[in-house]
Amino acid sequence: MANCHVVFFPFTAYGHMIPMADMAVLFASRGLQTTIITTPTNASRFSKSIQKTINYHHQIALHIIPFKVEEVGLPPGTGNPDQGVADEFLSSFFEAISMLQEPVEQFIQESHPNCIIADMFYPWTTEIATKFKIPRIVFNGTGLFPQCVAEAVGRYDHAKNVSSDSELFIVPNLPHETKLTRKQLPHFEAETFKGFLKVLVQAMEAEMKSYGVIFNSFYELEPEYVHHFREVMNRKAWHMGPVSLCNKNTEDNSERGQKSAIDEHECLKWLEPRAPDSVVYVSFGTIVKVTRAQVYEIAMGLEACNQHFIWVIKKEHEQWLPEGFEARTKENGKGLIIKGWAPQVLILDHESVGGFVTHCGWNSVLEGVTGGVAMVAWPVMAEQFYNAKLVTDVLQIGVPIGDVEWSATSSCGGVKREAIEKAVARIMGAEEGEGMRRRSQVLKEKARTAVEEGGSSYSDLTAFIQDIKTFKSK
Ligand code: UDP
């Protein structure tokens with residue numbers, strides 16, 4: 001059979017680009033011809049992935065298409081959705097995104113791939129795929145549990161049955177009893193989200209018409225939801241994660257997405273002398289905006305709980321730290337503050353790290369699992385509240401931070417130092433924390449087995465390849 005060519009077209013946000021780049025490495029490692037379509041400003045982010053495939057028979061190719069941000073009034077060089085302040089920025093950004101359709105179509109016409117794996121935010125790739133009679137596979141950067149919850153929340157609308165935004169309602173027809181409040185649901189009804197909501201609706205409609213959905217997840221993490229998605233929701237799905245496990249060495253793990261703000265060896269040197277499971281890692285991913293007051297409260301909470309910690313903050317937030325905080329933590333060896341990009345997977349995989357305070361972005365949740373840590377689930381936006389339920393209620397490998405509410409501005413704020421101290425003490429503590437870590441460690445082992453030859457993710461990738469190779473004859 002002629003070789004199979006798979007085209008990846010990742011959305012330009014880190015939480016989508018990073019796992020798709022790893023996925024492309026996985027496909028290349030299985031001998032498939034692989035191309036990533038991206039924009040000029042994001043191209044360099046994939047160079048590491050290309051290097052990783054140098055020993056494989058088929059190297060990843062990059063196809064760069066112009067991103068005409070100036071035409072929609074955005075500053076030259078804009079490349080990612082987190083570079084601007086919400087609303088008008090997002091509308092213009094998605095307008096520029098829609099202009100990618102033409103160059104993508106031209107590339108598909110010229111290169112005749114076997115399939116295109118395109119992000120949910122490119123709904124029009126389904127039309128392109130139909131036109132050229134190839135399958136379009138959707139990647140939406142999340143797991144099966146959150147997808148199933150989101151579908152059931154939308155379909156049954158039980159949120160309307162409760163009398164207040166903070167009263168719990170049961171999301172019906174799911175394998176586990178899942179309770180949410182209206183405060184935790186995404187709400188895009190505001191006028192400012194009009195443009196974005198339109199994109200989301202188009203994304204959902206396109207997903208229904210697409211050939212299937214590909215997940216960065218593994219069967220053993222959420223088996224009931226793999227069945228639910230396939231059999232109850234009647235959708236084609238493949239899970240091939242955790243894709244971060246395709247990174248085998250320190251260098252690969254420390255440079256996913258960006259070069260780290262800290263030298264990886266310096267980071268490991270700081271971790272090395274700490275006792276196993278004694279360090280808590282705190283990070284809110286790439287999009288969430290931590291308010292000034294919240295930065296202050298996190299610092300005070302971390303200081304109060306007296307645990308070793310690694311905390312990732314934005315470079316520009318350094319000035320928001322309490323007076324003398326950094327000097328104190330440096331002097332007593334309690335904390336390491338990383339200002340900018342952290343080598344997250346490297347840190348979570350270190351045996352000294354036992355806890356993770358996370359905003360519950362899907363990649364972070366999965367990386368927490370592959371690190372075998374207990375988590376404080378502190379969701380902020382997007383589908384993070386659903387991911388948090390998986391962590392706390394279904395897998396029981398974490399505790400909730402408390403009464404937080406979905407933020408339309410991606411802002412993280414309002415949690416007091418006492419709540420932070422209490423939650424960190426729970427996950428790092430002897431009894432409760434140990435139990436959560438034990439369960440997480442079991443999943444960590446299952447994750448590793450899943451991606452090995454014969455494992456569930458490895459086999460699903462084999463099935464996927466077989467499926468697209470025979471697509472034409474169907
Ligand atoms: N990440 C990282 N270092 C950082 C911040 C983020 O390596 O300092 C990576 C992280 O490991 C994950 C991705 O960026 O793979 C963030 O994705 P996630 O879904 O967790 O959150 P998002 O940023 O999309 O909200």
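The paragraphs below take up the domains and then the helix pair.

This is a predicted model, in which local features need pLDDT of at least 70 and side-chain atom pairs count only at pLDDT 80 or more, while totals for chains, interfaces and linings use all residues. Residues are numbered from 1 along each chain as its sequence is written.

The domain assignment, which comes from an automatic or database source, gives domain 1 (5-147 + 193-245 + 450-473) and domain 2 (257-448). The C-alpha centres of domain 1 and domain 2 lie 28 Å apart. Their contact (C-beta atoms, placed from the backbone, within 7 Å) takes 26 residues from domain 1 and 22 residues from domain 2. On the side of domain 1 that touches domain 2, the elements giving two or more residues are α1 (14-29), α6 and α17 (431-451), and the largest share, 4 residues, comes from α1. Helices here are DSSP runs (H or I, at least four residues), numbered from the N terminus.

Helix α6 (residues 144-156) also packs against helix α8 (residues 223-232), at an angle of about 50 degrees and with the axes 8 Å apart. Because of that angle, α6 is oblique to α8, the term covering angles that are not under 35 degrees (roughly parallel), over 145 (roughly antiparallel) or 65 to 115 (roughly perpendicular). Leu144, Phe145, Gln147 and Cys148 of α6 meet Tyr225, Val226, His228 and Phe229 of α8 in this contact.

Terms used. Axes fitted to C-alpha atoms, helices over the stretch in contact; angles between N-to-C directions. Contact = placed C-beta atoms within 7 Å.
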